[in-house]
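I opened a notebook for this one and wrote down each thing as I looked it up.

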Amino acid sequence: MRTEDLEARIRRTKRLNAGMVDENAAVPLAEYINKLLDERSVKRSKLIRALNMDRNYGYQILNGTRHPSRVQIIKIGLYLMLSVEEVQRMLTLGERHVLYVRRMEDAKIYHCLEHKTPYNDACQFIWGDEEE
């Protein structure tokens, strides 16, 4: 069930049905990331190398045994050229703050996602020289 449909059902009911919520639990972040990788035919090893992540840490994120930082989630989204909605969903699943365009860094991230800015150009624009 889509989140919007679950919200609508909760609004319509007088008593919350916990079973309905449990049956429609969100997928784990690692599962969502792996689904996106599959959809885009990107190998896990290629993503880890491109993001300059420690190999073990990268695989732990993709296996769900470690939780990525907000910046790591955003970098995954930038590398995969995801939509803003897909990145917002990853941030929510990872229990990180969603993008808020009144913050300059988040506005830059939003801009790069909307305009499908290549990964290295996006990182340079958002974080400048601190990435090197």
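Entry 1: I began with S41, which is exposed at a relative accessible area of 66%. My scale, using a 1.4 Å probe and protein chains only, calls a residue buried under 20% relative accessible area, exposed over 50% and partly exposed in between. S41 sits in the loop that joins α3 (29-39) to α4 (44-50). My helices are DSSP runs (H or I, at least four residues), numbered from the N terminus, and strands would be runs of E with at least two. The phi of S41 is near 55°, a positive value in a residue that is not glycine. I noted beside it that most residues other than glycine have a negative phi.

**Entry 2: ground rules.** This is a predicted model, so I keep to local features with pLDDT of at least 70 and to side-chain atom pairs at pLDDT 80 or more, while totals for chains, interfaces and linings use all residues. Residues are numbered from 1 along each chain as its sequence is written, and side-chain values use heavy atoms, with hydrogens and water left out.

**Entry 3: another positive phi.** E95 has a phi of about 55°, positive although E95 is not a glycine. I found E95 in the loop between α7 (84-93) and α8 (104-114), and at 73% relative accessibility it counts as exposed.

**Entry 4: N34.** Is N34 buried or exposed? N34 is buried, with a relative accessible area of 15%, and it belongs to helix α3. Its side chain makes a polar contact with the side chain of R44 at 3.3 Å. For a polar contact I ask for a pair of N or O atoms within 3.5 Å; within protein, one must be able to donate a hydrogen and the other to accept it, and residues adjacent in sequence count only if both atoms are side-chain atoms. A polar atom of the N34 side chain also lies 2.7 Å from the backbone oxygen of L62.

**Entry 5: the core.** The largest nonpolar core has 33 residues, and L78 and M90 have the most contacts inside it. Such a core is a set of buried Ala, Val, Leu, Ile, Met, Phe, Trp, Tyr and Cys residues joined through side-chain atoms within 4.5 Å. At least two residues of this core come from each of α3, α4, α5 (55-63), α6 (70-79), α7, α8 and α9 (119-127). Leaving aside neighbours within four places in sequence, M90 is in contact (heavy atoms within 4.5 Å) with residues including L29, Y32 and I73.

**Entry 6: α9.** Which residues of α9 are buried? They are Y119, A122, C123, I126 and W127. They cover an arc of only 100° around the axis (taken from the directions from the axis to the C-beta atoms), so they lie on the same side of α9. These buried residues pack against α4, α6 and α8. After α9 comes G128, with a positive phi near 65°.

Entry 7: I searched the whole structure for aromatic pairs and got 1. Rings of Phe, Tyr and Trp (its six-membered ring) pair if their centres lie within 6.5 Å; planes under 30 degrees apart are stacked, over 60 edge-to-face and the rest tilted. The rings of Y79 and Y119 have centres 5.7 Å apart and planes at 80°, so the pair is edge-to-face. Y79 in α6 and Y119 in α9 are 40 residues apart. My search for disulfides (cysteine sulfur atoms within 2.5 Å) found 0. For C112, the nearest cysteine sulfur is that of C123, 8.5 Å away.
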